[in-house]
Amino acid sequence: MAEIAAQPFAFAFRPETTALIVIDMQRDFAEPGGFGASLGNDVSRVTAIVPTVKRLIEGFRAAGLPVIHTMECHSPDLSDLPPAKRDRGNPSIRIGDVGPMGRVLIAGEPGTAILDDLAPLPGEIVIKKPGKGAFYATGLGDDLKRIGAQQLVFAGVTTEVCVQTTMREANDRGYECLVAEDATESYFPEFKASALAMIRAQGAIVGWTATTDQVLEGIANA
Ligand code: C5J
(Lines give C-alpha, C1' and ligand atoms only; values in the text may rest on other atoms or scores of the structure.)
Protein backbone atom coordinates (compact mmCIF):
# COMPACT_ATOMS: atom_id res chain seq x y z
CA MET A 1 0.00 0.00 0.00
CA ALA A 2 1.08 3.57 -0.71
CA GLU A 3 0.50 6.32 1.86
CA ILE A 4 -0.63 9.93 2.05
CA ALA A 5 0.58 11.86 5.11
CA ALA A 6 -2.76 12.73 6.71
CA GLN A 7 -4.63 13.36 9.93
CA PRO A 8 -5.18 11.61 12.27
CA PHE A 9 -2.65 9.15 10.75
CA ALA A 10 -1.37 8.08 7.34
CA PHE A 11 -3.99 7.24 4.71
CA ALA A 12 -3.20 3.94 2.97
CA PHE A 13 -4.22 3.62 -0.67
CA ARG A 14 -3.59 1.79 -3.90
CA PRO A 15 -3.39 4.09 -6.93
CA GLU A 16 -5.35 1.63 -9.05
CA THR A 17 -8.31 1.74 -6.61
CA THR A 18 -8.26 5.46 -5.82
CA ALA A 19 -10.53 8.15 -7.31
CA LEU A 20 -11.06 11.86 -6.78
CA ILE A 21 -14.62 13.11 -6.28
CA VAL A 22 -15.08 16.85 -6.84
CA ILE A 23 -18.35 17.98 -5.29
CA ASP A 24 -20.55 20.69 -6.81
CA MET A 25 -17.96 23.23 -8.03
CA GLN A 26 -20.79 24.94 -9.89
CA ARG A 27 -21.48 28.56 -10.83
CA ASP A 28 -24.60 28.43 -8.63
CA PHE A 29 -22.41 28.06 -5.53
CA ALA A 30 -19.51 30.27 -6.63
CA GLU A 31 -20.94 33.26 -8.46
CA PRO A 32 -23.13 36.21 -7.47
CA GLY A 33 -26.74 35.62 -8.51
CA GLY A 34 -26.62 31.87 -7.89
CA PHE A 35 -28.13 29.59 -5.27
CA GLY A 36 -25.38 30.14 -2.68
CA ALA A 37 -25.62 33.92 -2.95
CA SER A 38 -29.45 33.76 -2.82
CA LEU A 39 -29.11 32.34 0.69
CA GLY A 40 -27.11 35.41 1.73
CA ASN A 41 -23.66 33.82 1.50
CA ASP A 42 -20.34 35.39 0.52
CA VAL A 43 -19.39 33.28 -2.49
CA SER A 44 -15.84 34.63 -2.73
CA ARG A 45 -14.77 31.93 -0.28
CA VAL A 46 -15.68 29.32 -2.90
CA THR A 47 -13.91 31.01 -5.81
CA ALA A 48 -10.75 31.27 -3.68
CA ILE A 49 -10.22 27.48 -3.70
CA VAL A 50 -10.59 27.05 -7.47
CA PRO A 51 -6.81 27.09 -8.21
CA THR A 52 -6.21 24.47 -5.50
CA VAL A 53 -9.04 22.23 -6.72
CA LYS A 54 -7.65 22.59 -10.25
CA ARG A 55 -4.19 21.52 -9.07
CA LEU A 56 -5.67 18.47 -7.35
CA ILE A 57 -7.68 17.50 -10.44
CA GLU A 58 -4.66 17.93 -12.68
CA GLY A 59 -2.54 15.80 -10.33
CA PHE A 60 -5.06 12.95 -10.53
CA ARG A 61 -5.31 13.26 -14.31
CA ALA A 62 -1.51 13.31 -14.67
CA ALA A 63 -1.29 10.12 -12.60
CA GLY A 64 -4.00 8.49 -14.72
CA LEU A 65 -6.43 8.26 -11.78
CA PRO A 66 -10.17 8.82 -12.22
CA VAL A 67 -11.76 12.20 -11.55
CA ILE A 68 -15.50 12.19 -10.82
CA HIS A 69 -17.53 15.41 -10.78
CA THR A 70 -20.89 15.98 -9.10
CA MET A 71 -23.50 18.67 -9.76
CA GLU A 72 -26.38 19.44 -7.44
CA CYS A 73 -29.31 19.94 -9.79
CA HIS A 74 -32.92 19.07 -10.51
CA SER A 75 -34.94 18.18 -13.57
CA PRO A 76 -36.77 21.10 -15.24
CA ASP A 77 -40.19 19.73 -14.17
CA LEU A 78 -39.00 19.70 -10.52
CA SER A 79 -40.21 16.11 -10.12
CA ASP A 80 -37.06 15.30 -8.11
CA LEU A 81 -37.37 18.36 -5.86
CA PRO A 82 -39.31 17.63 -2.68
CA PRO A 83 -41.25 20.61 -1.29
CA ALA A 84 -39.25 20.16 1.91
CA LYS A 85 -36.12 21.12 -0.04
CA ARG A 86 -37.64 23.85 -2.23
CA ASP A 87 -39.36 25.60 0.67
CA ARG A 88 -36.45 25.44 3.10
CA GLY A 89 -35.04 28.68 4.42
CA ASN A 90 -35.77 32.16 3.20
CA PRO A 91 -33.82 32.60 -0.04
CA SER A 92 -34.32 35.59 -2.33
CA ILE A 93 -34.87 33.13 -5.19
CA ARG A 94 -35.78 29.45 -4.82
CA ILE A 95 -34.59 26.35 -6.66
CA GLY A 96 -36.33 26.36 -10.07
CA ASP A 97 -36.93 30.13 -10.11
CA VAL A 98 -35.40 32.23 -12.86
CA GLY A 99 -32.32 34.10 -11.68
CA PRO A 100 -29.52 36.00 -13.41
CA MET A 101 -27.90 32.70 -14.53
CA GLY A 102 -31.09 30.96 -15.60
CA ARG A 103 -33.28 28.69 -13.47
CA VAL A 104 -31.56 28.08 -10.15
CA LEU A 105 -30.04 24.58 -9.76
CA ILE A 106 -31.88 23.18 -12.80
CA ALA A 107 -29.99 20.76 -15.06
CA GLY A 108 -28.77 22.39 -18.25
CA GLU A 109 -29.09 25.99 -17.04
CA PRO A 110 -26.00 28.27 -17.25
CA GLY A 111 -25.76 28.67 -13.46
CA THR A 112 -25.78 24.94 -12.86
CA ALA A 113 -22.63 24.39 -14.94
CA ILE A 114 -19.35 23.39 -13.38
CA LEU A 115 -16.89 26.31 -13.32
CA ASP A 116 -14.95 26.58 -16.59
CA ASP A 117 -11.56 26.18 -14.86
CA LEU A 118 -12.67 22.85 -13.39
CA ALA A 119 -14.71 21.53 -16.32
CA PRO A 120 -14.85 17.75 -16.70
CA LEU A 121 -12.86 16.26 -19.55
CA PRO A 122 -14.66 14.06 -22.08
CA GLY A 123 -14.97 10.59 -20.57
CA GLU A 124 -14.89 11.69 -16.92
CA ILE A 125 -17.88 10.64 -14.82
CA VAL A 126 -20.34 13.47 -14.05
CA ILE A 127 -23.03 12.74 -11.46
CA LYS A 128 -26.17 14.88 -11.44
CA LYS A 129 -27.54 14.67 -7.92
CA PRO A 130 -30.83 15.96 -6.53
CA GLY A 131 -29.72 15.53 -2.92
CA LYS A 132 -26.89 16.77 -0.78
CA GLY A 133 -25.32 13.29 -0.78
CA ALA A 134 -24.04 12.08 -4.17
CA PHE A 135 -25.18 8.46 -3.64
CA TYR A 136 -28.89 9.31 -3.22
CA ALA A 137 -30.87 8.76 -6.47
CA THR A 138 -27.76 8.58 -8.67
CA GLY A 139 -25.59 5.94 -10.33
CA LEU A 140 -22.49 6.84 -8.30
CA GLY A 141 -22.42 3.54 -6.39
CA ASP A 142 -22.55 1.55 -9.64
CA ASP A 143 -19.91 3.75 -11.25
CA LEU A 144 -17.52 3.27 -8.33
CA LYS A 145 -18.01 -0.51 -8.45
CA ARG A 146 -17.43 -0.51 -12.21
CA ILE A 147 -14.12 1.36 -11.93
CA GLY A 148 -13.04 -0.68 -8.89
CA ALA A 149 -12.63 2.26 -6.53
CA GLN A 150 -11.95 1.57 -2.85
CA GLN A 151 -10.30 4.78 -1.65
CA LEU A 152 -11.91 8.16 -2.34
CA VAL A 153 -10.40 11.64 -2.10
CA PHE A 154 -12.95 14.46 -1.79
CA ALA A 155 -12.80 18.12 -2.80
CA GLY A 156 -15.44 20.76 -3.47
CA VAL A 157 -18.25 22.56 -1.69
CA THR A 158 -19.60 22.95 0.80
CA THR A 159 -17.52 21.12 3.37
CA GLU A 160 -20.24 20.60 5.94
CA VAL A 161 -23.14 20.02 3.55
CA CYS A 162 -22.60 18.12 0.28
CA VAL A 163 -18.96 17.11 0.84
CA GLN A 164 -19.51 15.77 4.34
CA THR A 165 -22.86 14.14 3.46
CA THR A 166 -21.33 12.32 0.49
CA MET A 167 -18.28 11.30 2.46
CA ARG A 168 -20.44 9.83 5.21
CA GLU A 169 -22.54 7.97 2.64
CA ALA A 170 -19.30 6.60 1.13
CA ASN A 171 -17.91 5.66 4.53
CA ASP A 172 -21.04 3.64 5.32
CA ARG A 173 -20.66 1.86 1.97
CA GLY A 174 -17.16 0.70 2.87
CA TYR A 175 -14.99 3.23 1.05
CA GLU A 176 -11.95 4.74 2.74
CA CYS A 177 -12.35 8.48 2.47
CA LEU A 178 -10.05 11.49 2.70
CA VAL A 179 -10.96 15.17 2.36
CA ALA A 180 -8.41 17.55 0.84
CA GLU A 181 -8.52 20.33 3.45
CA ASP A 182 -7.58 23.26 1.24
CA ALA A 183 -9.58 22.02 -1.76
CA THR A 184 -12.88 22.22 0.09
CA GLU A 185 -14.67 25.27 1.44
CA SER A 186 -17.69 26.46 3.35
CA TYR A 187 -19.42 29.83 3.44
CA PHE A 188 -18.75 29.59 7.19
CA PRO A 189 -15.08 29.08 8.17
CA GLU A 190 -16.07 27.73 11.57
CA PHE A 191 -18.31 25.07 9.97
CA LYS A 192 -15.46 23.96 7.72
CA ALA A 193 -13.08 23.66 10.67
CA SER A 194 -15.67 21.74 12.70
CA ALA A 195 -16.56 19.40 9.84
CA LEU A 196 -12.91 18.50 9.24
CA ALA A 197 -12.36 18.00 12.97
CA MET A 198 -15.45 15.74 13.22
CA ILE A 199 -14.43 13.65 10.23
CA ARG A 200 -10.97 12.79 11.55
CA ALA A 201 -11.85 12.59 15.26
CA GLN A 202 -12.00 9.30 17.17
CA GLY A 203 -9.33 7.66 15.03
CA ALA A 204 -10.73 8.72 11.62
CA ILE A 205 -14.27 7.70 12.51
CA VAL A 206 -15.56 8.92 9.14
CA GLY A 207 -12.28 9.52 7.34
CA TRP A 208 -9.00 11.31 6.99
CA THR A 209 -7.95 14.86 6.05
CA ALA A 210 -4.78 16.06 4.33
CA THR A 211 -3.60 19.08 2.36
CA THR A 212 -3.61 19.05 -1.42
CA ASP A 213 0.21 19.03 -1.36
CA GLN A 214 0.17 15.93 0.86
CA VAL A 215 -2.31 14.16 -1.44
CA LEU A 216 -0.31 14.98 -4.56
CA GLU A 217 2.97 13.97 -2.91
CA GLY A 218 1.46 10.62 -1.85
CA ILE A 219 0.22 9.98 -5.37
CA ALA A 220 3.53 11.02 -6.95
CA ASN A 221 5.46 8.66 -4.65
CA ALA A 222 3.09 5.69 -5.06
C1 C5J B 1 -25.54 23.21 -0.45
C2 C5J B 1 -23.72 21.93 -1.39
N3 C5J B 1 -24.78 23.75 0.49
N4 C5J B 1 -23.20 21.58 -2.55
N5 C5J B 1 -25.00 22.41 -1.42
O6 C5J B 1 -26.72 23.46 -0.51
O7 C5J B 1 -23.09 21.86 -0.37
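**Entry 1: Asp24**

I looked up Asp24 and found that Asp24 counts as buried, at 0% relative accessibility. Buried means under 20% relative accessible area, exposed means over 50%, and partly exposed lies in between, with a 1.4 Å probe and protein chains only. I placed Asp24 in the loop between β3 and α1. Helices (H or I, at least four residues) and strands (E, at least two) are DSSP runs, numbered from the N terminus. I noted that phi of Asp24 is positive, about 55°, although Asp24 is not a glycine. Most residues other than glycine have a negative phi, and most peptide bonds are trans.

**Entry 2: Basis of the values**

I recorded that this is a predicted model, in which local features need pLDDT of at least 70 and side-chain atom pairs count only at pLDDT 80 or more, while totals for chains, interfaces and linings use all residues. Residues are numbered from 1 along each chain as its sequence is written, and side-chain values use heavy atoms, with hydrogens and water left out.

**Entry 3: The ligand**

Which residues are around the ligand? I listed Asp24, Phe29, Phe35, Glu72, Lys132, Val157, Thr158, Val161 and Cys162. A residue is near a molecule or strand if one of its heavy atoms lies within 4 Å of it.

I then looked up the polar contacts (pairs of N or O atoms within 3.5 Å; within protein, one must be able to donate a hydrogen and the other to accept it, and residues adjacent in sequence count only if both atoms are side-chain atoms). An N or O atom in the side chain of Asp24 is 2.7 Å from a nitrogen atom of the ligand. In the side chain of Lys132, an N or O atom is 2.7 Å from an oxygen atom of the ligand. For Cys162, a backbone N or O atom lies 3.1 Å from an oxygen atom of the ligand. The ligand taken alone exposes 230 Å², and the protein buries 91% of that. Accessible areas come from the Shrake-Rupley method with a 1.4 Å probe; for residues, only the protein chains shown count as cover.

I found that the peptide bond joining Val157 and Thr158 is cis, with omega about -15°. Thr158 is in the loop between β8 (151–157) and α7. In helix α7 (residues 159–172), I noted several buried residues, among them Thr159, Cys162 and Val163. After α7 comes Gly174, with a positive phi near 100°.

I found another cis peptide bond from Gln7 to Pro8, with omega near 5°. Pro8 lies in the loop between β1 and β2.

**Entry 4: Aromatic rings**

A pair of aromatic rings is described by the distance of the centres and the angle of the planes. Rings of Phe, Tyr and Trp (its six-membered ring) pair if their centres lie within 6.5 Å; planes under 30 degrees apart count as stacked, over 60 as edge-to-face and the rest as tilted. By this rule I recorded five aromatic pairs. One of them is Phe9 with Trp208, edge-to-face at 5.4 Å centre to centre and 85° between the planes. Phe9 is in the loop between β1 (2–4) and β2 (11–13), and Trp208 is in strand β10 (residues 208–210), 199 residues apart. Phe9 is partly exposed at 42% relative accessible area, whereas Trp208 is buried at 14%.

Why is the pair of Phe11 and Trp208 edge-to-face? The ring centres are 5.1 Å apart and the planes are at 70°, so the pair is edge-to-face. Phe11 lies in strand β2 and Trp208 in strand β10, so this pair ties together parts 197 residues apart in sequence. Phe11 is buried, with a relative accessible area of 1%. I noted that ring pairs link Phe9, Phe11 and Trp208 into a cluster.

**Entry 5: Other residues**

Is His69 buried or exposed? His69 is buried, at 1% relative accessible area, and is found in strand β4 (residues 67–72). The side chain of His69 makes a polar contact of 2.7 Å with the side chain of Glu124.

I placed Lys85 in helix α5 (residues 83–86), where Lys85 counts as buried at 18% relative accessibility. A polar contact of 3.0 Å joins the side chains of Lys85 and His74.

Last, I looked up Leu105, in the loop between β6 (102–103) and β7 (125–129). Leu105 counts as buried at 0% relative accessibility, and its phi is positive, near 55°, in a residue other than glycine.
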